[in-house]
Amino acid sequence: MSSILSDQTPNSPGAPSGSTWVNPHKPIGGRLITEPFLIALGFVAIGGVLMAQRFMGGLGAVANISDGYPWGMWVAVDVVIGSAFGCAGYVMAFLAYIMNKGKYHPLVRPAVLASLFGYGLAGLAVLVDLGRYWNFYHLLLPWYAQPNSVMLEVGLCVATYTIVLTVEFAPAFLERFGLENARRKLNRLLFLFVALGVLLPTMHQSSLGTMMVIVGHKLSPLWQTQLLPVFFWLTAVLMGFGVVVWESVMASLCFNRPTEKAVLRKVAELMLVTTAVFVVLRIVDFAVRGQLGAPFGAHGTLMFWVETALFLAGMLVVLPKKARTERKALFLGSSLVLFGGIIYRLNVYIVGFIPAVGPWSYFPSLAEIFVTVGIFALEVLLYLIFVKTLPVMHAVGAKHG
Amino acid sequence: MTLSRRNFLSKAARGSAAAATAACAAVAAAPEANALQRPPKPMPAEAVGLLYDSTLCIGCKACVKACKDANGMPVEVAPDQTAWNGGEWDTPVELSGKTLNVIKAYTNGTMAEKDRETDGFAFIKRQCLHCADPSCVSVCPVTAMTKDARTGIVSYNPDACIGCRYCVLSCPFGVPKYEYDSPTGQIRKCQLCKHRLAENQLPACSDVCPTGATLFGRTEDLKAEAKRRVALKPGERTHYPRGDIAGKVGGRRDGHEATVRVAYQQHIYGEKELGGTQCLAVSAVPFDKLNLPTNVPETGYPTVSEGIQHTLYAGMVGPATLLAGLVYLAHRNTKDHDVD
């Protein structure tokens, strides 16, 4: 086995030379300290200072949340929307390993990495948002567990999934540091983690919807339905596909790599189908609940139409077969669908929410926004470091073995 | 395993459609015929609570002061009150992390007469209603909110609480509050002065109420009293008890004789709302005017959310079956080549 040192030039293949197995993944290499890197670092620093303020002065010192809106953007954006962005790893693992579509493999590892950061940093946001964060570990202790709580299920599921994602991503580390034996051993067990990696998001992404069922009349009839778990699962899937398309196009532009055209075409198709199912089911749900009039006057009507228009526009862009092979259309279509998903989840958690005894209003404070920006910047920062130094991206022209 | 693209997509689409249909059928059935709904929880046999009679309340707020003293809560001065209140008066207008019990006023037009909807005014007392099927208890992931099996009092344990504020979000009556101005904030809500009840003393609000507008007792007795009151006609003479309706807790108190001045609404708030509450209210002004949610189901929202959750996860059979299938497929599809 060659020494670890042989891997240290950024553009060298991750696998030890002389091995019969050829690693299809390669670190991208290049300088680490770039302009985007420094800008992200600046935002991380600002976010850090604001977090310190929150821990010294209480939640109200930084955030605009109140007893009317006890959950603000840290929950809705960082956790509920952020974790949907983390569903890229979920849908790609499903396609590659469960449906056995080997051609999707080039997209799996970057997707798993994006998920790992998405979930890891959602966890960080939760710690910032928890009013009694020092008791956080009670979530994991059986003698505190309250099995009727949907949040307990979400919490346990997400915690386990973060571990699963780490294991799923571990081969990249093991390859980078030439730990061939460990990699092979892990590979033999990896199928267990792949299976869990598909089961867990199915559970907690749908439960994120179930979480709002109990608020009852405090959620506008535009969004309050027993189908919330189904809709949250569908948005997780369609956003997962959206992220894969969006991220692949972005990576090909930013790092000047060719797109994985044939594969992206199919992912875009799946995104289109899932979005169509979602939109149609929304209308069926209105009809079943006798709420077909809700889109014309219920609380949050405007944002319902924004949400629906984004989904429809996104579908229209990628509807022509040809569009699904063009970078521009793929980028626009996936962006629109992702925005639709963002607005849907925002609507369920904030816009459509009607506090019990009003009047209350909520709009995030600048400081609150910058905490979220800081967490997102940290995500970008870590992503840049990882893809440049670890074998994450498929090597240009590499065939899957 | 080879599938053409079209074949694969149509298979995937058909599979998803079947799964979605099954899921929809399971969760979207009409509430009354909903197999997913968990049965409502009965009122505990020895449930205790308060009966608030808006027509008897004179708005003196002695209960607000007594509650603060009994529970060690601070004076509350809203930001828009600082011009005339430097902190010497307690002037809460709503429940908060500083106020567990508050008297609010409804006003309309000239406010000429008490307990009249138009050109009148009325009072309403807000505190925890101690639901038979409380959402706050159902949502709490770490058992910090609990309902006493015997008395039904809903209590909070700050040592268990992680501060997620799901209870604040979910309460249909807007009762639990959090202390946003403290780095170690906790949830605050009325716990029916359980520390005083333990010493055979009345909850502070019902202890000091001069007119018996806030009456303590077993929920069953209070419900009977509420039914008696809403049946009263204006002009009738009647007796209004004070303190504990049974005269046991805190000792026997004299009530008072009075002529019924106004017609009661034929609505006992808390009798049916969301599965029933241990604290009840009667009034001459409709309850929606008093800012209480009125158009609500007769079963608590936990019956729906727990119904969905416990059906999908019953015995963890569903997830276990799904996992077994996934493990099989993942194993088959990865054994002959490197996973990456």
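Which residues touch the most other members of the largest nonpolar core? Hi everyone, let's start there. This is a predicted model, where local features need pLDDT of at least 70, side-chain atom pairs count only at pLDDT 80 or more, and totals for chains, interfaces and linings use all residues. Residues are numbered from 1 along each chain as its sequence is written, with chains lettered from A and ligands numbered from 1 in the order in which they are written.

So, the core. By that I mean buried Ala, Val, Leu, Ile, Met, Phe, Trp, Tyr and Cys residues joined through C-beta atoms within 7 Å, buried being 20 or more other C-beta atoms within 10 Å of a residue's own, with C-beta atoms placed from the backbone. It has 212 residues, and Val91(A), Met92(A), Val244(A) and Val245(A) touch the most other members. Helix H7 of chain A, residues 228-254, brings the largest share, 16 residues; helices here are DSSP runs of H or I with at least four residues, and strands are E runs of at least two, numbered from the N terminus.

Now the two chains. Contact means C-beta atoms, placed from the backbone, within 7 Å. On that basis, 65 residues of chain B meet 68 of chain A. H9(B) gives the most to chain B's side, ten residues.

Last, a sheet in chain B. It is open, with three strands ordered S2-S4-S3 and mixed pairing, where pairing takes at least two DSSP bridges. Strands S2 (102-107) and S3 (113-114) of chain B are the edges. S2(B) runs antiparallel to S4(B), residues 120-126, over six bridges, and Ile103(B) has Lys125(B) as its bridge partner there. Thanks, all!

Technical notes. A residue is buried if 20 or more other C-beta atoms lie within 10 Å of its own, exposed if 12 or fewer, and partly exposed in between; C-beta atoms are placed from the backbone. Two residues are in contact if their C-beta atoms, placed from the backbone, lie within 7 Å.
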